[in-house]
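Have the sequence and the 3D view open as you read.

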Amino acid sequence: MKKLIVLALVALGGFAVWRRLQQDRAELDLWTEATSADN
């Protein structure tokens, strides 16, 4: 049972990191688009 709880926590942590990376990438893309010299 403890292994299942640990596995669930690791999965949630991995998902949280993945979501954060996706958000950071989207923000960087938006920033790059907003600040590009090509108008």
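Arg20 is exposed in this predicted model, with a relative accessible area of 53%. In these terms, buried means under 20% relative accessible area, exposed means over 50%, and partly exposed is in between, using a 1.4 Å probe and protein chains only. A quick word on the ground rules: residues are numbered from 1 along each chain as its sequence is written. Since the model is predicted, local features need pLDDT of at least 70 and side-chain atom pairs count only at pLDDT 80 or more, while totals for chains, interfaces and linings use all residues; side-chain values use heavy atoms, with hydrogens and water left out.

So which residue does Arg20 meet in a salt bridge? The partner is Asp24, at 3.4 Å from N to O. A salt bridge here is a side-chain nitrogen of Lys or Arg within 4 Å of a carboxyl oxygen of Asp or Glu, and by that rule the count comes to one. Side chains of opposite charge can pair when their charged atoms come close. Arg20 and Asp24 are four residues apart in helix α1, so about one helical turn separates them. Asp24 counts as partly exposed, at 35% relative accessibility.

Now for the helix itself. Helix α1 covers residues 2-35, and the secondary structure of the chain comes to one helix and zero strands. Helices (H or I, at least four residues) and strands (E, at least two) are DSSP runs, numbered from the N terminus. The C-alpha trace spans about 55 × 5 × 5 Å along its principal axes. Two pairs of residues let you follow the distances, C-alpha to C-alpha:

| Pair | Apart in sequence | Apart in space |
|---|---|---|
| Leu21 and Ile5 | 16 residues | 24 Å |
| Ala8 and Gln22 | 14 residues | 21 Å |

Leu21 lies in helix α1 and is partly exposed at 47% relative accessibility. Ala8 lies in helix α1 too, and is partly exposed with a relative accessible area of 39%.

How much of the chain is buried? Buried residues make up 0% of its 39 residues. The accessible surface comes to about 4,000 Å², and 67% of that belongs to carbon and sulfur atoms. These areas come from the Shrake-Rupley method with a 1.4 Å probe, and for residues only the protein chains shown count as cover.

On that surface, Met1, Leu4, Ile5, Leu7, Leu9 and Leu12 form a nonpolar patch with about 710 Å² of accessible area together. Patches are made of residues with over 30% relative accessible area and no salt bridge, where like charges are joined within 9 Å and nonpolar side chains (Val, Leu, Ile, Met, Phe, Trp, Tyr) within 5 Å. Leu12, one of the patch residues, is exposed at 56% relative accessible area.
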